[in-house]
Amino acid sequence: MKAVYPGRFDPPTFGHLDIIKRASSIFDEIIVLCAEDATKKTLFSKEERIEMLNEIAKGIKGISISSFKGLLVDYLKENKIKVVIRGLRAVSDFEYEFQMALTNKRLYPELETVFLMTDEAYFYLSSSVVKELSKLGKLPKGFVPKQVEERLKLFYQK
């Protein structure tokens, strides 16, 4: 079965990688789908985020990286995909994700959303926290893969 794991991934973290690895043991094929969101400014371009995702997911069976613009359900319908994977960290994540899942289900009744709880090691981790700590030169080890850490250092040294 094919599933999509959508997100901004700005930047990808070990939390994202954990969800990708765990989902790959459940689904035959996973498309990690990088959102091209015109309403939110991203630190890295869509191309840079896709490149980082390709680097960190290299060697994980059944994973491909792509992008989409607009509504996720339009991409899913067009590509005949009926499963979305979402990671959850806290109750606040659940409230938002539940609302999105119900909205997407209304727009695409065949769609199912699978929620994966984050590993407790990444419960505190978010791309926003990573960006803020990187900006201040205080990013601890274990938040992002080395390739992502190097790009963050380059970005903030400009």
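## Close-up views of a predicted model

**View 1. Ser-126 sits in the loop between β5 (112-117) and α5.** This is a predicted model, so keep that in mind for every view. With a relative accessible area of 14%, Ser-126 is buried, because anything under 20% gets that label. Look for its side chain, which reaches the backbone nitrogen of Val-129 at 3.1 Å. If you skip the neighbours within four places in sequence, Ser-126 is in contact with Thr-13 and Arg-89. Pro-140 is 14 residues away along the chain, and its C-alpha atom is separated from that of Ser-126 by 13 Å.

**View 2. Here is the largest pocket, with a volume of about 1,300 Å³.** How do you find empty space like this? Rolling a probe the size of a water molecule over the atoms shows where empty space is left. The lining of the largest pocket has 44 residues, and Gly-7, Arg-8, Arg-86, Tyr-96 and Glu-97 lie nearest its centre. Sorted by kind, the lining has 18 nonpolar, 14 polar and 12 charged residues. Which element gives the largest share of the lining? That would be α4, with 8 residues. Several elements supply at least two lining residues each, including β1 (2-7), α1 (14-24) and α5 (127-135).

**View 3. The loop between β1 and α1 holds both Phe-9 and Pro-11.** Two backbone details are worth a look here. Most residues other than glycine have a negative phi, and most peptide bonds are trans. Phe-9, though, has a positive phi, near 50 degrees. A cis peptide bond joins Asp-10 and Pro-11, with omega about 0 degrees. Is Phe-9 buried or exposed? At 3% relative accessibility, Phe-9 counts as buried.

**View 4. Lys-80 also has a positive phi, about 55 degrees, although it is not a glycine.** You'll find Lys-80 in the loop between α3 and β4. Its relative accessibility is 69%, so Lys-80 counts as exposed.

**View 5. Thr-42 belongs to the loop between β2 (29-35) and α2 (46-57).** Thr-42 is buried, at a relative accessible area of 16%. A polar atom of its side chain lies 2.8 Å from the backbone oxygen of Phe-44. Leaving out residues up to four places away in sequence, Thr-42 touches Arg-8, Asp-10 and Arg-49.

**View 6. Ile-63 is part of strand β3 (residues 63-68).** Its relative accessibility is 19%, and since the cut-off is under 20%, Ile-63 counts as buried. Which residues does Ile-63 touch, not counting those up to four places away in sequence? They are Ile-20, Ser-24, Ile-30, Val-32 and Ala-57. Ile-63 and Ile-31 are 32 residues apart in sequence, yet their C-alpha atoms are 6.0 Å apart in space.

**View 7. Helix α6 (residues 146-156) has Val-148, Glu-149, Arg-151 and Leu-152 as its buried residues.** They cover an arc of only 160 degrees around the axis, which puts them on the same side of α6. An α-helix has 3.6 residues a turn, so residues three or four places apart point the same way. What do the buried residues of α6 pack against? Their partners are α2 and α5. Over on the other side of α6, Lys-146 and Leu-154 are exposed.

How values were computed. Residues numbered from 1 in each chain as written. Predicted model: local features only at pLDDT ≥ 70, side-chain atom pairs only at ≥ 80, totals over all residues. Heavy atoms only, no water. 1 Å grid on protein atoms, 1.4 Å probe; cavity = no way out; pocket = protein on both sides within 12 Å on 5 of 7 lines; lining within 4 Å. Points joined across faces, edges and corners; volume = space filled by probe spheres on them. Helix = DSSP H or I, 4+ residues; strand = E, 2+ residues; numbered from the N terminus. Nonpolar A, V, L, I, M, F, W, Y, C, P; charged D, E, K, R; others polar. Buried < 20%, exposed > 50% of the residue type's maximum accessible area, 1.4 Å probe, protein only. Polar contact = N/O pair within 3.5 Å; in protein donor to acceptor, adjacent residues only side chain to side chain. Contact = heavy atoms within 4.5 Å. Arc of directions from axis to C-beta.
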